[in-house]
Amino acid sequence: MIRKVPQDFLLGAALSAYQMEGAAGTDGREPSVWDAWLARPGSGYDGRAASDFYHHFEEDIAAAAAHGLRALTLSLSWSRILRANGTVNPDGLAFYDRVIDACRAHGVEPFVALYHFDLPDAYAREGWLAPGTTEAYLRYARVVFQHFGDRVRHFLTMKDPVTEVMQGYITGLFPPGQHFALGRAVRAPRFTSRRRASACTSILRTACSRMTTASTTCGSIGIAHRAEGVYPLRETKADLQAARRDDVLTNRMLLDIVLAGRMSLRTRSLIGEILPDGESFATNDEELEVLGRAAAALDFFGVNYYASHFCTKPTDGTSRITHNGVGERGTSAYEIAGISRRLSREDVPTTDWDWNIFPRGLYEMLLRLHEEYRAIPIYVTETGLGLHEHPTDSVLEDDDRIDYLRQHLAAVLDAMEDGVDVRGLFVWSLIDGLSWTNGYDKRYGLFYVDYATGSRFPKKSADWLRDLAERRIMLTLNAIHTRTTKNAPD
Ligand code: BGP
């Protein structure tokens with residue numbers, strides 16, 4: 001089947017500061033929580049050098065442009081820009097000036113995320129649960145908007161807070177490394193969303209209104225969430241309940257807050273079901289007013305999508321997580337008492353890291369956002385496939401990645417045909433980089449990075465994307481996304 005990709009559909013790729021920049025102690029960058037986290041005994045890898053984007057950004061951005069990519073999402077490192085003592089580091093701003101100038105020189109639109117997991121270490125103690133952290137974030141946001149607002153047209157306040165919260169408070173795989181702290185997992189995103197969203201929006205608007213002239217346009221502001229399908233493993237009452245409970249924690253709560261600016265009664269009742277005894281959950285009028293204003297002011301929504309999840313009833317009252325961090329298929333386990341146990345389905349292929357490859361989940365999530373929340377422009381801000389890769393003479397035939405991208409782009413085109421306003425797709429990732437919980441052996445890049453020498457070369461997927469960007473025509477298999485199962489049904 002031949003699919004046409006609209007000319008104005010943005011094809012891009014994504015990067016993040018901590019995973020790619022390296023140069024951890026260079027030009028006054030202060031420590032982030034990830035420096036300390038990966039320095040703990042037995043961690044096995046760290047982000048000190050990463051892909052050295054810091055010294056290779058010109059080459060990387062030029063290569064992206066030469067492969068037809070018209071946009072990049074990149075995150076800024078907060079601890080490069082604002083010091084713990086509250087002063088601005090001019091060298092940090094100067095680095096990102098050079099990056100943004102390189103994007104503009106190559107005709108690549110930068111989508112700039114203020115934050116992608118790398119909290120400055122100065123706020124490690126209570127993290128996002130401490131009011132001081134959000135105050136500091138707002139000071140940082142003000143500096144960023146005032147400095148870059150005249151050149152950057154798209155900002156993201158944050159990438160993927162749900163992953164940060166789930167891994168930080170449930171699985172213990174991210175800092176602060178807590179396990180099964182459900183009360184905190186529910187409080188953290190709500191608390192930070194409220195302040196962050198409202199204040200960022202108003203700061204950006206003020207900065208923009210001051211700068212908007214005949215020759216500049218006011219920037220748009222969005223947020224990206226990992227929004228993945230959560231399905232019952234079987235159509236039984238118990239599995240449906242497990243899927244609903246899993247979904248409220250990983251999708252529904254945040255989608256309600258960010259897109260609707262309130263939590264429906266159904267959402268609140270589901271949160272009540274999963275909270276442990278003694279943990280309360282209440283919203284007040286002030287919070288609802290702020291959330292409502294922030295949701296109405298959101299200009300676009302970013303969807304990060306990698307996999308979907310199939311849920312069944314937990315086996316007993318014990319939570320268990322076994323992380324497959326090395327890519328040995330079939331070694332992972334995920335079960336949260338009182339919520340769900342995630343399993344694979346025989347008919348759904350998985351990656352070496354046990355992630356279900358399920359493009360229909362992306363199609364159905366896009367439809368869900370469109371049908372259940374307000375119509376808002378959507379970008380798929382991350383999607384991609386992690387692989388073990390071993391090139392021969394600077395050639396890497398990553399056909400599995402091409403298949404993955406083809407199927408997921410087809411899912412997006414299907415959703416667009418069904419009325420969803422999707423404006424573009426960013427492949428995770430432009431270059432190979434650090435995978436937070438898997439190190440450097442799980443590669444996602446369109447461009448291969450030799451970590452020993454810093455050299456890069458395009459993989460077959462980069463050439464495939466260049467061809468797609470030029471011809472705007474793609475071959476796909478037939479009917480892979482037929483909408484048969486409702487996502488996390490009520
Ligand atoms: C997303 C993160 C990305 C990236 C991706 C792949 O949640 O926002 O930064 O890491 O997941 O995940 P992983 O590296 O664990 O395979």
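Two strands pair if DSSP finds at least two bridges between them. Strands themselves are DSSP runs (E, at least two residues), and helices are runs too (H or I, at least four residues), both numbered from the N terminus. By that rule, strand β11 and strand β12 (residues 340-343) are joined by three bridges and run antiparallel. This is a predicted model: local features need pLDDT of at least 70, side-chain atom pairs count only at pLDDT 80 or more, and totals for chains, interfaces and linings use all residues. Residues are numbered from 1 along each chain as its sequence is written.

**The barrel**

- Eight strands form a closed barrel with parallel pairing, in the order β2-β3-β4-β5-β6-β8-β13-β14.
- Neighbouring strands of this sheet are turned against each other by 25 degrees on average, direction ignored.
- Axes are lines fitted to C-alpha atoms, for helices over the stretch in contact, and angles run from 0 to 180 degrees between N-to-C directions.
- Strand β13 (residues 378-383) pairs with strand β14 (residues 422-428) in the parallel sense, over four bridges.
- Tyr379 stands opposite Gly424 in β14.
- Helix α12 (residues 359-372) lies across β8 (300-304), β13 and β14, and runs at about 155 degrees to β8.

**The antiparallel strands**

- Strand β10 (residues 320-322) runs antiparallel to strand β11 (residues 333-336), and three bridges join them.
- Ile321 has Tyr334 in β11 as its bridge partner.
- Glu335 stands opposite Arg341 in β12.
- β11 and β12 make a hairpin with three residues between them.
- In the turn, Gly338 has a positive phi of about 80 degrees.

**A helix pair**

- Two packed helices are described by the angle between their axes and the distance between the axes.
- Helix α13 (residues 399-417) packs with helix α14 (residues 460-471) at an angle of about 35 degrees, and their axes are 8 Å apart.
- The crossing of α13 past α14 is right-handed, meaning that the near helix is turned clockwise from the far one by less than a right angle.
- Asp399, Arg401, Ile402 and Leu405 of α13 make the contact with Lys460, Ser461 and Trp464 of α14.
- Two residues are in contact if their C-beta atoms, placed from the backbone, lie within 7 Å.
- The contact residues divide into three nonpolar, one polar and three charged.
- Ala, Val, Leu, Ile, Met, Phe, Trp, Tyr, Cys and Pro count as nonpolar, Asp, Glu, Lys and Arg as charged, and the others, Gly among them, as polar.

**Around the ligand**

- The ligand is surrounded by 15 residues, and the closest are Asp160, Thr163, Arg226, Gly386 and Ser435.
- A residue is near a molecule if its C-beta atom, placed from the backbone, lies within 6 Å of it.
- This shell divides into two nonpolar, eight polar and five charged residues.

**Two buried residues**

- A residue is buried if 20 or more other C-beta atoms lie within 10 Å of its own, exposed if 12 or fewer, and partly exposed in between; C-beta atoms are placed from the backbone.
- Val449 is found in strand β15 (residues 447-449).
- Val449 counts as buried because it has 23 C-beta neighbours inside 10 Å.
- Val449 touches Ser51, Ile431, Asp432 and Arg456, not counting residues up to four places away in sequence.
- Ala462 lies in helix α14.
- Ala462 has 27 C-beta neighbours inside 10 Å, so Ala462 counts as buried.
- Leaving aside neighbours within four places in sequence, Ala462 is in contact with His67, Leu446 and Phe447.
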